[in-house]
Amino acid sequence: GYGNRSEAIRDLVRDHFVEEDVVSNRVIVATLTLVYDHHQPKLSEQLIDAQHDYRGKVLATTHVHLNHRNCLEVIILKGRGTDVKEFSNHLLSLKGVKHGKLVLTNAGKDPKPRHFHQHE
């Protein structure tokens, strides 16, 4: 769906730098989207407690009632790459979470320029 190959390549490069930030444990931002059964005993409390325990790294949460049983929650996170992934994996593994996805991006900083040297 890209207008040209250059746009696709730029997105691949950006994704590489975000993954590098995660591996290097730099500060990143992310969204964690969860669909869960709110009738699952104690799940709502577990989700809330985990967010409180994440020491201020939860920037915002949006909660939507999809139907009688299911809720959608989007959690905006900021923190060290490994912490964000660990926290997200914990929430995704809770009983009653039906589906979820973590989307990572950089914390708003441009990546450091990479210098490539051509050997003559």
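1. Of the contacts in the protein with a separation of 6 or more, what percentage is accounted for by residues 24 or more positions apart? The share is 69%, where a contact means heavy atoms within 4.5 Å.

2. Some conventions come next. The model is predicted, and for that reason local features need pLDDT of at least 70 and side-chain atom pairs count only at pLDDT 80 or more, while totals for chains, interfaces and linings use all residues. Residues are numbered from 1 along each chain as its sequence is written, and side-chain values use heavy atoms, with hydrogens and water left out.

3. The protein has three helices and four strands, taken as DSSP runs numbered from the N terminus (helices: H or I, at least four residues; strands: E, at least two). Their pattern along the sequence is α-β-α-β-β-α-β. Of the 120 residues, 25% are buried; buried means under 20% relative accessible area, exposed over 50%, and partly exposed in between, with a 1.4 Å probe and protein chains only.

4. By the rule for salt bridges (a side-chain nitrogen of Lys or Arg within 4 Å of a carboxyl oxygen of Asp or Glu), the count is one. The partners are Arg69 and Asp37, whose closest N and O atoms are 3.0 Å apart. Arg69 belongs to the loop between strand 2 (58-65) and strand 3 (70-80) and Asp37 to strand 1 (residues 27-37), so the pair ties together parts that are 32 residues apart in sequence. Arg69 is partly exposed, at a relative accessible area of 38%, whereas Asp37 is buried at 10%. As background, side chains of opposite charge can pair when their charged atoms come close.

5. The structure also holds one aromatic pair. The ring centres of Tyr54 and Phe87 are 4.3 Å apart and the planes stand at 20°, so this pair is stacked. The rule is that rings of Phe, Tyr and Trp (its six-membered ring) pair if their centres lie within 6.5 Å; planes under 30 degrees apart count as stacked, over 60 as edge-to-face and the rest as tilted. Distant parts of the chain are linked here, with Tyr54 in the loop between helix 2 and strand 2 and Phe87 in helix 3, 33 residues apart. Both Tyr54 and Phe87 are buried.

6. Ser88 is buried, at 0% relative accessibility. Leaving aside residues up to four places away in sequence, Ser88 touches Leu32, Leu77 and Leu102.

7. Lys42 deserves a separate remark. This residue is not a glycine, yet has a positive phi of about 65°. Lys42 sits in the loop between strand 1 and helix 2 and is exposed, at 63% relative accessibility.
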